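Student: Can we go through some labels and check each one against its cut-off? I'd like to see where the words come from.

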Amino acid sequence: MNQPNIIVFMTDHQRGDTILTHSPVHTPNIDRFRKHAVAFSNAWCPSPHCCPSRASFFSGLYPSQHGVWNNVNVGNALSHRPFDTVRLFSQDLKEAGYRLYFSGKWHVSAENGPDAYGFETLFHPVRYQRYPHCPDVRDWHTYRSGGPMDRGDEERTPGRVVRAGYPPYVQYGIDETPYQDERVVQAAVEKLAQVGTDAPFFLFVGPLGPHDPYFVPQRFLDLYDADDIELPENFDDPMDDKPALYRRTKERYAQLSREEHRESLRHFYAFCSYEDELFGRILDQVEARGMMENTLILYVSDHGDYMGSHGLWAKGLPCFREAYHICSLAGGGVVKNGGREDSHRLSLADWAPTFLELAGAPPRPMAGRSLAPLLRDEPADGWREESYTQSHGNEIYGIQRAVWNDKWKYVFNTFDYDELYDLENDPGETHNLLHGTADFNIAASPYGQTVRQMCRKLWQFACEHQDNCVNPYIMTALAPFGPGILTQPEKENEHAEYERNP
């Protein structure tokens, strides 16, 4: 197939298991699409935050390489745009002859829009500006404008999370047109109806749902009975063995009753069903134009949502799988043997090199790896065995890195003690095996060799991806095994100790 059309439908904040076959979410359009697609069930984002993950998607790089660590349009942003040296896949596709169209959420740069990277913008209401190097205090406008503020002493209504002195926050409710997603998709459908066939096109559709707070059209909420909603198995995790920040975050949501948590989950499910309907409109137009055989369609999300796991919602520094697990469903003429589920370990950064290969564009160095063989149901030798994360926190900053495979998950926290989970025996990540063990005692603990090996993997990845969180100063060098272990020979039987279950 020569230069297939490519359509990306990227939702915001949607966890990967909501589109898999065992999901309780009602998704008739995804279900019909899945029959002709491959569902990547083991797909992860590099950061549980919109901007760094989207920058990774568009660049094929990790945050340490593209420079976007948090949301670029907030007052205390660490960075407002990618590094000057960063090139997005859209620029390669344009040079390869593609016409590029963009509708919806961007969130890659606050200073340059999609048009700066080769796209024709169909619908995107945000304006861009160059940010001066001076204090940015625009967030104070929220408090000085005279708008409503939570007093903290009113009677709490259903779904409300009390935050005295902050704007009111209600977790869920009804909105017939949330986040202008209807306009986002309508602009894309109209372009699909008129796009010519003389050159390949790339269309990005970026709705903002199912981002919190979960306000949805009533007709989708009616698809679910609150009495049928079950909270996650790890909902009651007290997190006594987790970092204190995790517990402090959980305490905010602890105001909600179990019934309110179920209502939150019901509204989230309904929001996913709403996005499914919008996705169906894209499918309908593709089919009406007879484009399916020459088009790759990707349903993907930028990051996940805790969805009540560990008593949490939304996303953030708690390094639990739910915030990192993303949707990744690809179909169309490029995909062979549709209807299958693939368990290869994916990164959101893999899609950029995939698009370049499919478009016949020259390859270039990226952190991601092309998924083209997996789309064609071909062998992919030497595929990765670990996933890696890079986070500086969601505007409440704290450096956090993690590495995990099918057996072990290790989390390095600079703001609190580290975490180690045995994923085979504790997939819900409820028992931190390092709790109560001081860093200088980890080496002699039953899990010492496991932690050492995971640290070695983490620092090797950091070295290869220009991650500079390696400052040796006494107050910042807090890992139990620092980057210097890469220069030391591996201990005898280190791998054997790492593989066994202590």
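Tutor: A salt bridge here is a side-chain nitrogen of Lys or Arg within 4 Å of a carboxyl oxygen of Asp or Glu. This is a predicted model, so local features need pLDDT of at least 70, side-chain atom pairs count only at pLDDT 80 or more, and totals for chains, interfaces and linings use all residues. Residues are numbered from 1 along each chain as its sequence is written, and side-chain values use heavy atoms, with hydrogens and water left out.

Student: What makes R219 and E176 a salt bridge?

Tutor: Their closest N and O atoms are 3.9 Å apart, and the cut-off is within 4 Å, so the pair counts. R219 sits in helix α7 (residues 218-221) and E176 in the loop between β6 and α6, 43 residues apart.

Student: Why is E260 called buried?

Tutor: Buried means under 20% relative accessible area, exposed over 50%, partly exposed in between (1.4 Å probe, protein chains only). E260 has 8% relative accessibility, so E260 counts as buried.

Student: And why does R156 count as partly exposed?

Tutor: R156 is at 29% relative accessibility, so the in-between label applies. The side chains of R156 and E260 meet in a salt bridge, 2.7 Å from N to O.

Student: Why is α6 called roughly parallel to α9?

Tutor: Helix α6 (residues 181-194) and helix α9 (residues 258-288) pack at about 10 degrees, axes 9 Å apart. Angles under 35 degrees count as roughly parallel, over 145 as roughly antiparallel, 65 to 115 as roughly perpendicular and the rest as oblique. That makes α6 roughly parallel to α9.

Technical notes:
Axes fitted to C-alpha atoms, helices over the stretch in contact; angles between N-to-C directions. Helix = DSSP H or I, 4+ residues; strand = E, 2+ residues; numbered from the N terminus.
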